[in-house]
Amino acid sequence: MTKDRSKKEQRRLRELAATAYEREMNGAAEGLLKQFERWKNKQIDVFELNDKIHEFHNGISRDLYRRYTGEHPELSVAIALNRGILSREEIGEELLLSVEGIATLFHVRDPQ
């Protein structure tokens with residue numbers, strides 16, 4: 001997938017994948033923050049909080065890491081486009097056609 005791309009395009013794809021990764025991690029961290037608030041308000045004990053942290057680390061955090069840090073950033077960007085994490089404007093005309101083509105070719109859908 002990456003052999004025909006210039007270094008500039010590859011760098012841009014990695015930047016876009018990193019942006020999408022950060023956005024999704026921020027959203028996921030909000031859920032974890034709510035668990036800390038529940039603990040602070042004594043709705044759960046520290047052991048349940050620890051379980052929630054463990055679930056976060058082994059669940060969504062690991063899934064997002066795999067989704068956005070792989071060898072094929074164009075696939076990550078296609079997923080982010082389909083999920084609405086990145087916009088067509090952010091991706092830009094230069095990369096949009098190939099990213100959309102990859103999404104269509106591989107029928108990239110929301111893996112969750």
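**Helix crossing and exposure**

Reply: Helix α1 (residues 7-40) and helix α3 (residues 73-83) have axes that come within 8 Å and cross at roughly 45°. This is a predicted model, in which local features need pLDDT of at least 70, side-chain atom pairs count only at pLDDT 80 or more, and totals for chains, interfaces and linings use all residues. Residues are numbered from 1 along each chain as its sequence is written, and side-chain values use heavy atoms, without hydrogens and water.

Me: Why is α1 called oblique to α3?

Reply: Angles under 35 degrees count as roughly parallel, over 145 as roughly antiparallel, 65 to 115 as roughly perpendicular and the rest as oblique. The axes cross at roughly 45°, and therefore α1 is oblique to α3.

Me: Which residues of α1 and α3 meet?

Reply: Contact means heavy atoms within 4.5 Å. Among the residues of α1 that meet α3 are Leu 13, Ala 17 and Glu 24; the α3 side includes Pro 73, Val 77 and Arg 83.

Me: What makes Lys 42 count as exposed?

Reply: Exposed means over 50% relative accessible area, buried under 20%, and partly exposed in between (1.4 Å probe, protein chains only). Lys 42 has 74% relative accessibility, so it counts as exposed. Lys 42 is found in the loop between α1 and α2 (46-68). Its phi is positive, about 60°, although Lys 42 is not a glycine.

Me: How do you know whether Leu 75 is exposed or partly exposed?

Reply: Leu 75, found in helix α3, has 27% relative accessibility and therefore counts as partly exposed.

Conventions: Axes are lines fitted to C-alpha atoms, for helices over the stretch in contact, and angles run from 0 to 180 degrees between N-to-C directions. Helices (H or I, at least four residues) and strands (E, at least two) are DSSP runs, numbered from the N terminus.
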